[in-house]
Amino acid sequence: MEQRFLDPRVLASISNLELVAKTVVDGFVAGLHRSPHFGFSQEFAEYRMYSEGDDLRFVDWNVFARTERAYIKRFKGETNSRLTILIDASASMGYGSEEVKKIDYARFLAASIAYMANQQRDAAGVIVFDDEVREYVTASSRQGNFHRTLFAINRAEPAARTDFAKPFFHFQSTLRNRRGLVVVLSDFYEDPELIIKTIEPLRYRGNDVVLFHLLDPQELRPKFDGPVLLIDSETESELETSPEYAAQEYRAKIDSHVSALETKARAAGLSYHMHATNTPLDAALREFLLVRQGRM
Amino acid sequence: MGFLAPWFLGAVALAGVPVWLHLLRQHKTTPIRFASLMFFERRMTTSTRQRKLRYYALLALRLLALLFLILAFARPYFERKVAAGGGKRMTVAAIDNSFSMRRGGALDAAKQQALALATRISASEPGIVVAFGSGAHESGQRAEDAATFRSNVSAVMAGDERTAYAELARTLRGLSEAHRMPLDVHVFTDSQKSGMPARFADLQLPSDAKLEVHDTAPAGLPNFAVEAVTPPGRIFDTAKARVRATITGFHTMKAVKNVEMLVDGKVQKSKTIEIPPSGRASVEFTGIDSGYGFHRGEIRLEGSGDAFSNDDRMLFSIERSDPRRILMLHPARDGRSPIYVKAALDAAVPNAYQVDAAAIESTSTPNLQNASFVILADPGNLNQGLEGALKDYVMRGGALLITAGSLTGATSKLAVSGLTIQESRLSSRNRELFQTIASREPLHPVLERTAGIESAKFYQLIAMEPGPAKVLAKTADATPSCLEQRLGEGRVLVIASPLDNLGNNLPLHPAFIPLMERSAQYLSRQEEATGVASVGQGIELRAANDRAGAVEVLDPRGERALSFEQAAKATSFAPGAEGFYEIRRGSGRTTLVAVNADRRESDFARMDADTIHLWKATGEPGADGQTTANGERVERRSPWWWLLLGVLLFTLAEPVLASKYLFGQGSSEFGEPVEVGSKEATV
């Protein structure tokens, strides 16, 4: 089943990249991301005056011998990132004008990221949600967790409506104790204000949040040869419209929506990336990882 | 504006198709599932209006193409008035020079009256003289001065043709078209009723033609005429030769007349007959005293007492000859066939034929010089010399009757003719007992009098591949039983069964005598020797595919009646005057044909005034819908060519415009066009 997502072509294109977490998170396992093994980092960061309660193991005794002042050595704490992938499995994600539906694209992307994290010995988990939390695999670096993650990703099927507020409230309580990397894969058919307002608290808690906005090409540039009766995938409501509207006003609205979402996301310190489902998957990953690397 | 085919306008209803495509179809929507309608709005009304406006040009283009096509089929026309001849008129003097105009100086009177028209002839208003009988032709050139016109009138000579006013009207229509001037037509004629065509429409005059009929015939309606002569054509026994004549009185009282028969200018017989009022009487002369060869005969009505003496005589020609020699070649063992053939021919026409029978085996160089035709009974395989001689004889115009028997059935090809023999079919008790003729050509000269031949029983038939031969009779299983083949100038008649009363019972059948008689006449070409024809009636000179040898025709004055080209190619000849015509064919045969004027010319009953009035009316302005009362000619102009050109242009422009509208909306004004190609999203 994993082979479905671990496309060798995808792995080949990103194997020379490292997933570097920006945020230092608390973790019981310390180590250097660059190292393939777990361990404590020895890279010196700074000195500070000893205060009561500090661990005596980090007192620099040589300095104390020369100056009779106790200083604490601070090391650059490079630890494994805690990656949590949030997949929107609402009914609208089941739309696709071509072979690849949005939910498929989201699965591919999520699996690829999870695999990369696994290669980096990062803890990875997944949450599949629509208006409820459908699947939840806690982020962990244990062997076996990766497979559970992939299994949960694979089981993500579009079903109900999207409701960011309800599941994200749950995420806040789940992710507040540990900082890490949160990747959200969704078509974000919601008010940008509401979306950012819902997701922004994750950032407050020290998480690095990346939004992947996935849209079908037909959603970006719809093309109809005549009047059409459109049926909403989530609400089943019907609406008759014209090709002229789709070619002009709709495009303006979707572009405005994308632009607003990007602006508000960046303003809130969230990374935002919009991808059409006909763009190559590896290119999207490379773009994302380069951006992340640049922010280190 | 009018339409030549207005019923095509009914197709205008098809214009609804583009309208339906453009408007009604716009309201038809296809349901499509979409991710979210968050950014969509209902735009049905606006869409239709916008599309209607946007597609207006395309709709107009399609409608115009369709309407232009329909209009082109409806053949519209516009009428335009043009001055005909610039107000000038052409004078036409039509002089009847038919046979009937010979009576009482009628033709001279007509010419005198026509000369009176010369004073109105000028360069601006020219004149034309037309002489007409069964045909019409211009006499001289178009006259633009009085002298030329008079000369043309004087050049009209008396003829022996019959009157045909329809031909005159046709010629007048041609003159009007050629000169593009309105005509003043003056017809000088005896107004014979018999000259009227069967259809009055054939008298249609050209537009704006003024007709004036000048009756030039002298008084004296009653007329006696020799209406018909039936000569024997060819006589073998002078004592038994009979000539029958019919004397007719047109509008006459009961009369007793003396009729004479002249041969070579000498009165040989004379009889007195009584002719009933406006009736006919027949007279028959038996016995003609003449030598061998062609003779010029004449039936003359003495003392008719009417004003027209030209029809009181009728010419005929006769040929006295020895009995026709028929060479019959038969197998030595077959002595029966000559007996039956001789008996049949003697029974049909006594002394007309002399059958010289000879055994094939003992004949190598037959004397074909005097044979009118040859009968080849069951030839089998002929020796080369005999077959070559017979083939050469046929190719040069001779005739051959071949009967096929058991000897022939054993060969692969029929002698002389070369027809492929398929099999010899013998009836037996195990198969069919006999075969009969199921179908035949009833109008062929050989079979036209053989009624009942279908009951003759054939026990042996030699099946042949017809090839180039024409099948005249065949059995129920389509086996040819009688065929005719043309070889060179000659004829070959094939009977696919012997005449020995063994292979069939035909010799004992009643149809055998007329079959042999007609075959002998046909093969010796006696049907061409009737000796009497009418002026204007075609005389056959040769078959259409016969190009061998020239045919010479000498007219009554002894001059060649045909040009060199006609002598080489013409298949028929229509004599234009009475008299004896000598026809010398390429085969060396010479025939004498007596030509007489059509006796319908002897009936002087005239057209009534109403008929002439109606005839005049056909040329009045506006009668044909092409001429107005003030002499202007109405010309019709049809724009169908321009309509078709428009259809072509619209058809070429339509895909260009349609592509722009239908596919142009895929381009995005926000960036590069997005190639979607969705099956679902494509309506």
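These numbered points concern the fold, cores and strand pairing of a predicted model.

1. Chain A as a whole. Ten helices and ten strands make up the secondary structure of chain A. The chain has 296 residues, of which 42% count as buried. Among its contacts with a separation of 6 or more, 76% are between residues 24 or more positions apart.

2. Nonpolar cores. The largest nonpolar core holds 83 residues, and the members that touch the most others are Val92(B), Ala93(B), Ala94(B), Ile95(B) and Leu172(B). Helix H6 of chain B, residues 165-179, supplies the largest share of this core, with six residues.

3. Surroundings of Val92(B). With neighbours within four places in sequence left aside, Val92(B) has contacts to Ile128(B), Val130(B), Leu172(B) and Leu175(B), among others. Its contacts also include the run Leu183(B), Asp184(B), Val185(B) and His186(B).

4. Helix H4 of chain B (residues 106-115). Its buried residues are Ala106(B), Leu107(B), Ala110(B), Lys111(B) and Ala114(B). They lie on the same side of H4(B), because the arc they cover around the axis is only 135°. An α-helix has 3.6 residues a turn, so residues three or four places apart point the same way. The packing partners of the buried residues of H4(B) are strand E4 (90-96), helix H5 (146-154) and strand E7 (183-189) of chain B.

5. A sheet with strands from chains A and B. Three strands in the order E9(A)-E8(A)-E2(B) form an open sheet with mixed pairing. E9 (238-241) of chain A and E2 (30-34) of chain B are the edge strands; each has a single partner strand, so one side of each lacks a neighbour in the sheet. Direction ignored, neighbouring strands here are turned by 30° against each other on average. Strand E8 (residues 228-232) of chain A pairs with E2(B) in the parallel sense over five bridges, and Leu229(A) has Pro31(B) as its bridge partner.

6. Six of the eight residues of E25(B) (residues 480-487) are buried, so the strand is mostly covered. E24(B) (residues 470-475) pairs with E25(B) in the antiparallel sense over four bridges, with Pro480(B) as the bridge partner of Lys474(B). These two strands form a hairpin with four residues between them, and Ala478(B) in the turn has a positive phi of about 65°. E25(B) also pairs with E26(B) (residues 490-495), antiparallel over six bridges; here Gly490(B) is the bridge partner of Leu487(B). The hairpin of E25(B) and E26(B) has two residues between the strands, and Gly488(B) in its turn has a positive phi of about 60°.

Methods: Residues are numbered from 1 along each chain as its sequence is written. Chains are lettered from A and ligands numbered from 1 in the order in which they are written. This is a predicted model: local features need pLDDT of at least 70, side-chain atom pairs count only at pLDDT 80 or more; totals for chains, interfaces and linings use all residues. A residue is buried if 20 or more other C-beta atoms lie within 10 Å of its own, exposed if 12 or fewer, and partly exposed in between; C-beta atoms are placed from the backbone. Two residues are in contact if their C-beta atoms, placed from the backbone, lie within 7 Å. A nonpolar core is a set of buried Ala, Val, Leu, Ile, Met, Phe, Trp, Tyr and Cys residues joined through C-beta atoms within 7 Å. The arc is that of the directions from the helix axis to the C-beta atoms. Two strands pair if DSSP finds at least two bridges between them. Axes are lines fitted to C-alpha atoms, for helices over the stretch in contact, and angles run from 0 to 180 degrees between N-to-C directions.
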